Amino acid sequence: MTEKATAVAPSNIAFVKYWGARDLEAAVPMNRSVSMTLRHCVSWCTVEARPGPGDDEVFVPGAEDGEPTPAPDDFAEPVLRHLARLRRRAGRRVAFRVATRNSFPSAVGLASSASGFAALTLATVRVLGMDPDPDELSRLARSSGSGSAARSVLGGYVEWPSSRAEAEGMEAPARQIAGADHWDLRDVIAIVSTAPKEVSSREGHRRATTSPHYERRLECVSRRVDGIRAAIGERDLERLGPLLEEEAVEMHLVAMSSRPPIFYWSPGTVAVMDAVRSMRDQGIPAYFTMDAGPNVHVLSTAEAEPEVAERLDRLDAVQRVIRDGVGSGPRMETEHLL
Ligand code: PMV
């Protein structure tokens with residue numbers, strides 16, 4: 001019998017970034033990270049399992065009509081490896097067909113690997129009849145090699161590795177710090193480029209330790225995690241915002257000073273950062289952060305978000321804005337992509 005499951009998992013924006021790994025394959029990070037799970041930027045993934053041996057297949061939306069079409073090798077390869085890992089784990093003899101799509105542009109630093117691998121993990125464990133608890137699910141998502149996927153299986157505000165699972169250290173799963181209903185933070189994403197990025201985050205992690213600033217970052221980052229956790233606890237954007245910006249600039253400083261250097265920013269990135277600062281000068285609460293790409297996430301309140309979105313949208317540097325906010329995490333769907 002053919003079994004099928006579809007999961008929808010959100011992307012997340014890191015307030016403190018995972019940058020540099022102890023074990024790159026297994027995505028064991030050098031430092032703790034904190035993120036907010038998004039609501040609208042999501043990946044859908046349908047996994048179908050047929051009994052017996054056979055080749056696994058991966059499909060993405062076709063350019064012409066959006067109908068599932070075989071994925072290019074560089075996209076399919078890490079997906080196939082993760083499927084093989086989960087199949088071994090479940091001890092099942094099945095062949096998979098997988099289809100996936102995103103609600104937002106892929107490979108532009110909007111963490112499509114986080115949502116994509118979280119959705120793939122959720123749909124695959126369901127179809128294999130596994131029933132992992134949330135900690136195990138986070139570990140399984142991390143084992144995809146996309147560390148940020150470990151956070152995308154949870155909603156709200158998330159810490160990874162969780163400092164509450166102290167004994168496990170950096171191998172610990174992600175855990176929720178606060179649910180989505182704790183604080184209605186908004187994230188206006190200013191898209192300044194949709195060109196595929198030249199250096200993957202995986203390569204960024206690999207090069208991070210070559211930066212002369214990396215050791216210093218590791219010294220500072222755990223205090224920043226504490227500050228950001230406290231700011232979330234108190235729903236204090238004026239405390240969170242400066243830490244958020246300092247952290248983003250530091251991660252990019254490490255990237256820019258790695259050997260060879262990585263420049264994720266474009267002129268548009270800097271234009272948006274300037275606009276955010278001038279909004280603040282005018283009393284509008286808005287703070288920026290960027291993951292491994294040129295696009296800028298601007299965090300603000302529910303009240304200020306329409307104004308922030310409108311002003312960012314008016315900038316010449318901005319192609320479009322995506323209005324997102326904190327979300328409550330993944331879900332299963334009954335409509336399938338295959
Ligand atoms: O999960 P990865 O390997 O794609 O790395 C994520 C890297 C950043 O997005 C820059 C930071 C983060 O913690 O999400």
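**Exercise 1. The ligand shell**

State how many residues surround the ligand in this predicted model, which are the closest, and how the shell divides by class.

*Solution.* Step 1: in the predicted model, the ligand is surrounded by 14 residues. Step 2: Tyr-18, Ser-148, Arg-151, Ser-201 and His-205 are the closest of these. Step 3: sorted by class, the shell holds 5 nonpolar, 6 polar and 3 charged residues.

**Exercise 2. Polar atoms and cover**

Find what distances separate oxygen atoms of the ligand from atoms of Arg-151, Gly-147 and Ser-113, then give the share of ligand area that the protein covers.

*Solution.* Step 1: an N or O atom in the side chain of Arg-151 is 2.7 Å from a ligand oxygen atom. Step 2: for Gly-147 the atom is a backbone N or O, 3.2 Å from an oxygen atom of the ligand. Step 3: Ser-113 places a polar side-chain atom 3.3 Å from a ligand oxygen atom. Step 4: on its own the ligand has 380 Å² of accessible area, and the protein covers 95% of that.

**Exercise 3. Two helix pairs**

Classify the crossing of helix 6 and helix 7, and that of helix 2 and helix 3.

*Solution.* Step 1: helix 6 (residues 214–234) and helix 7 (residues 237–256) have axes that come within 9 Å and cross at roughly 155 degrees. Step 2: angles over 145 degrees count as roughly antiparallel, so helix 6 and helix 7 are roughly antiparallel. Step 3: their crossing is left-handed. Step 4: the axes of helix 2 (residues 112–127) and helix 3 (residues 134–142) come within 9 Å, crossing at roughly 120 degrees. Step 5: helix 2 is therefore oblique to helix 3. Step 6: the crossing of helix 2 and helix 3 is right-handed.

Key: Residues numbered from 1 in each chain as written. Predicted model: local features only at pLDDT ≥ 70, side-chain atom pairs only at ≥ 80, totals over all residues. Heavy atoms only, no water. Near = heavy atom within 4 Å. Polar contact = N/O pair within 3.5 Å; in protein donor to acceptor, adjacent residues only side chain to side chain. Areas by Shrake-Rupley, 256 points an atom, 1.4 Å probe, with all protein chains shown as cover. Nonpolar A, V, L, I, M, F, W, Y, C, P; charged D, E, K, R; others polar. Axes fitted to C-alpha atoms, helices over the stretch in contact; angles between N-to-C directions. Helix = DSSP H or I, 4+ residues; strand = E, 2+ residues; numbered from the N terminus. Parallel < 35°, antiparallel > 145°, perpendicular 65-115°, else oblique. Left-handed = near helix turned anticlockwise from the far one by under 90°.
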